[in-house]
Amino acid sequence: MVALELDHITVKANDEPWLTDVSARFEPGVFNVLLGPTLAGKTTLLRVMAGLDAPTSGALSLHGKDLTGVPVKKRSIAFVYQQFINYPSLSVYDNIASPLKVAGGAKAQISARVEKIAELLSITPMLNRKPLELSGGQQQRVALARALVKEADLVLLDEPLANLDYKLREELRAELPKLFAETGSVVVYATTEPEEALMLGGHITLMHEGRIIQDGPTPNVYREPENLLAARTFSDPPLNSVGAHMKAGEIRLVGLTEGTKAPAGLADGAYQIGFRAHHLRINKPAGPALAVKAKIAVTEITGSESFIHVDALSERWTALTHGVHPYAAGEQVILYIDPGDCLFFGPDGKRVEAR
Amino acid sequence: MAEIHLKNIAHSYTATPTTPEDYALKALDHVWEDGGAYALLGPSGCGKTTLLNIISGLLTPSKGQVLFGDEDVTTRDTAHRNIAQVFQFPVIYDTMTVRGNLEFPLKNRGLNQTAIDARVEEIAAMLGLTERLQERASNLSADAKQIISLGRGLVRSDVNAILFDEPLTVIDPHKKWELRSKLKELHRQFGFTMVYVTHDQTEALTFADKVVVMYEGEVVQIGTPEELFETPAHTFVGYFIGSPGMNILRATVEGRTATIGKSKIPLSIDYGILGSSGIEIGIRPEFLKLTEGDMATVNAVEDLGRHKIVRLTFEGHNIAALLPECENVPTGSVGLAFDPARTLVYADSHLTKGAN
């Protein structure tokens, strides 16, 4: 089976662990996303995959062949960074063609490949220009084209859209998974943004402080995080959370006297509950709901949605709701939580499945 | 503090501009109200940095005047405009402590130490820096340094305006939320005039009372976030604001009906007969409902958690519709319901109200 396998990889620098016991498998034909905040170890992991850094212990293999000691030059990889990296003195055409020329392809074949990839990335009109004459988005397309044309076994993308304009990011996010889907390469894409990860879809690996905390199909991991840390890592705006007690089928939030019907399947006891911003509601839902008094800290309005930051039960929460709701700071409001929307975490932080 | 009046300004980087294309910033007359929170939003190359540099004094415009209150500051340099600036990357003194950095702009203005201490502590508390005031700045992470840069920008209470140029680029997404709401709180408390340049629509819309949307050197709309979302004055605003942007479709319009291919779309007002060229209708993905029928074909569905984006083909156009989290997505052929009140008509890219 063609796949990249990491086996108990640990990287230490000056005795400080950068990666700790990372085991994972990345398949071709799937868009693999690495999600975590800065310093989670994403770039270090990509560098180990590329052979730019050697693991302190552990091994990695591609196609079942051990890669651990193989130098970068001998590996079939393409790496795209956050900064646009192109050869400034070469034309866009020659930039894209360079990996094929190095590999020694026939001229006619090279030009056919370059033209096909340029077409896919909408940079055909720029083939004769120099990279620095292009906009940032176009420069990054050139770097992506060079990665695509190479048909490397392993394509590593380290926040490649972070320096681009918002709208360009939106377009490329939709295009990238399709572009790489047909290549047969193992593709790994690192990002700090949960929303970007959701848009890219595919298979996600969540990272935190040098460890993998969960992996799986992206929408599944989003809806079924294994623990509080995974839920926090995969929430933007940040996950709202608060302590709760379950007793005789009733759920009560810490600090409130009034409870409501709890989802079935949860044993009596103390929990930490988590719910995402769009599940903190300004209107009472039809079913059972917890009503919480809150004080508005700030309201941010995007035109289509309102982000309402509130202080409630000694926590700072965010509600994300459709429409324009210009609450004033300091205003008292009642917000609602449907227990059916909540994630429940036990004292050990692990998620407990409700039925 | 003072209102800022950009009076009939325009700017060209060429010495002898002849055509409108020679202008990086086309003719503009605008008053930035005292105490307003403004965002300058647009893609790279739209002229927003040129505009910011004209306000800050880094550039003298080729035409027009810059007025702070009643004073003409057009030819004055940055140091003599009494403004604070925060840039994309941290600008701080590594050899000083956090306190030293925050004090610096106040010491320069000759404030007494009691006033300085009070102000520094107030700002530090607001930005969560109280515990770190004695630390040396060189030991801090990049985003902590940027927070200090923000503090340095905010510490003086006598500035005419604070200008921000993409200040949150180097900050982690989780931290961005916090800092954006902090800036908003600070604006409410101190009432500074703030101008915030960004290409990020979420940042612009959540920060500002008024957003100035720029496109190819021109201001195409100035409005509240709600106005930009609900009634974009230009198709570019429709496309640029909103994610995904507005669906813009070439059409013919007669009376209360728009025709696209074989499909008839009802409109809420009578437009009379609009010329056949350059007419488009615009509808946001939020206002397009999927129904039973065979007007369009579903190509793909993207699950974004709180909602789903459905990508469709309709009369040869690629369009998008937004569905709530829990709604099921039909596959194959679907019907489309355009909300007539939300279906807008554009003539040569500009919003038109038609005959009535």
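**Notebook: helix pairs and a chain contact**

I began in chain B, where V98(B), N101(B), L102(B), F104(B) and P105(B) of α2(B) meet I148(B), G151(B) and R152(B) of α4(B). Sorting this contact by class, I got 5 nonpolar, 2 polar and 1 charged residues. A reminder to myself: this is a predicted model.

Next I looked up how these two helices lie. Helix α2 of chain B covers residues 98-108 and helix α4 of chain B covers residues 142-154; their axes come within 8 Å and cross at roughly 30 degrees. Angles under 35 degrees count as roughly parallel, so I noted α2(B) and α4(B) as roughly parallel to each other. Their crossing is right-handed.

Then I turned to a helix pair in chain A. The axes of α3 (residues 107-120) and α4 (residues 136-149) of chain A come within 10 Å, crossing at roughly 130 degrees. I therefore wrote down α3(A) and α4(A) as oblique to each other. Here α3(A) passes α4(A) in a right-handed crossing. On the α3(A) side I found R113(A), V114(A), I117(A) and A118(A), which meet A145(A), L148(A) and V149(A) of α4(A). This contact has 6 nonpolar residues, no polar ones and 1 charged.

Last, I checked where the chains touch. Chain A puts 32 residues into the contact and chain B puts in 33 residues. On the side of chain A that touches chain B, the elements giving two or more residues are the helices α5 (166-181), α6 (194-200) and α7 (218-223), with the strands β16 (290-301) and β17 (305-312). Which element gives the most to that side? I found β16(A), with 4 residues. By class, this side of chain A has 15 nonpolar, 10 polar and 7 charged residues.

Definitions and conventions. Residues are numbered from 1 along each chain as its sequence is written. Chains are lettered from A and ligands numbered from 1 in the order in which they are written. This is a predicted model: local features need pLDDT of at least 70, side-chain atom pairs count only at pLDDT 80 or more; totals for chains, interfaces and linings use all residues. Axes are lines fitted to C-alpha atoms, for helices over the stretch in contact, and angles run from 0 to 180 degrees between N-to-C directions. Angles under 35 degrees count as roughly parallel, over 145 as roughly antiparallel, 65 to 115 as roughly perpendicular and the rest as oblique. A crossing is left-handed if the near helix is turned anticlockwise from the far one by less than a right angle, and right-handed if clockwise. Two residues are in contact if their C-beta atoms, placed from the backbone, lie within 7 Å. Ala, Val, Leu, Ile, Met, Phe, Trp, Tyr, Cys and Pro count as nonpolar, Asp, Glu, Lys and Arg as charged, and the others, Gly among them, as polar.
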